[in-house]
Amino acid sequence: MTTATAPRTVLARFPAGHPRGSWPADDYAAAQRAQGIDAHVVMDLATDQLLVVTDTTTR
């Protein structure tokens, strides 16, 4: 069985060890959503970063 994954665009990267935790990433994602971009935060365990990503193509 194969699972196809839609390509994601990384909008921003934030260090997971930030003193404020995930707040900067969450704030950035909320600002993008306010502009109409469907953004959400995911954790990249390999690089220990919080990524703000979108499933849509950005210009």
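Student: How many helices and strands are in the protein chain?
Tutor: The chain, a predicted model, has one helix and three strands. Helices (H or I, at least four residues) and strands (E, at least two) are DSSP runs, numbered from the N terminus. Read along the sequence, the pattern is β-α-β-β.

Student: What should I know about the model before going on?
Tutor: Because this is a predicted model, local features need pLDDT of at least 70 and side-chain atom pairs count only at pLDDT 80 or more, while totals for chains, interfaces and linings use all residues. Residues are numbered from 1 along each chain as its sequence is written, and side-chain values use heavy atoms, with hydrogens and water left out.

Student: What order do the strands take in the sheet?
Tutor: The three strands form an open sheet in the order 1-3-2, and their pairing is antiparallel. Two strands pair if DSSP finds at least two bridges between them. Strand 1 and strand 3 pair over six bridges, and P15 stands opposite Q49 in strand 3.

Student: Which strands stand at the edges?
Tutor: Strand 1 and strand 2 (39–44) do; each has a single partner strand, so one side of each lacks a neighbour in the sheet. From one strand to the next, the twist averages 30°.

Student: And where does helix 1 lie?
Tutor: Helix 1 lies across strand 1, strand 2 and strand 3, and runs at about 150° to strand 2. Axes are lines fitted to C-alpha atoms, for helices over the stretch in contact, and angles run from 0 to 180 degrees between N-to-C directions.

Student: Changing topic, which residues make up the largest nonpolar core?
Tutor: There are seven: A12, F14, A25, A29, A39, L50 and V52. Such a core is a set of buried Ala, Val, Leu, Ile, Met, Phe, Trp, Tyr and Cys residues joined through side-chain atoms within 4.5 Å. Strand 1, helix 1 and strand 3 (49–54) each give two or more residues to this core.

Student: Is V52 buried or exposed?
Tutor: V52, in strand 3, is buried, with a relative accessible area of 0%. Buried means under 20% relative accessible area, exposed over 50%, and partly exposed in between (1.4 Å probe, protein chains only).

Student: What is V52 in contact with?
Tutor: Leaving aside neighbours within four places in sequence, the contacts of V52 include L11, F14, A25, Y28 and H40. Contact means heavy atoms within 4.5 Å. The C-alpha atoms of V52 and V42, ten residues apart along the chain, are separated by 6.5 Å.

Student: What about Q32, buried or exposed?
Tutor: Q32, in helix 1, is buried, with a relative accessible area of 11%. Not counting residues up to four places away in sequence, Q32 touches L11, I37 and A39.

Student: How many aromatic pairs does a search of the whole structure find?
Tutor: The search finds one. F14 and Y28 form this tilted pair, with 6.0 Å centre to centre and 55° between the planes. Rings of Phe, Tyr and Trp (its six-membered ring) pair if their centres lie within 6.5 Å; planes under 30 degrees apart count as stacked, over 60 as edge-to-face and the rest as tilted. The pair links distant parts of the chain, with F14 in strand 1 (residues 9–15) and Y28 in helix 1 (residues 23–34), 14 residues apart.
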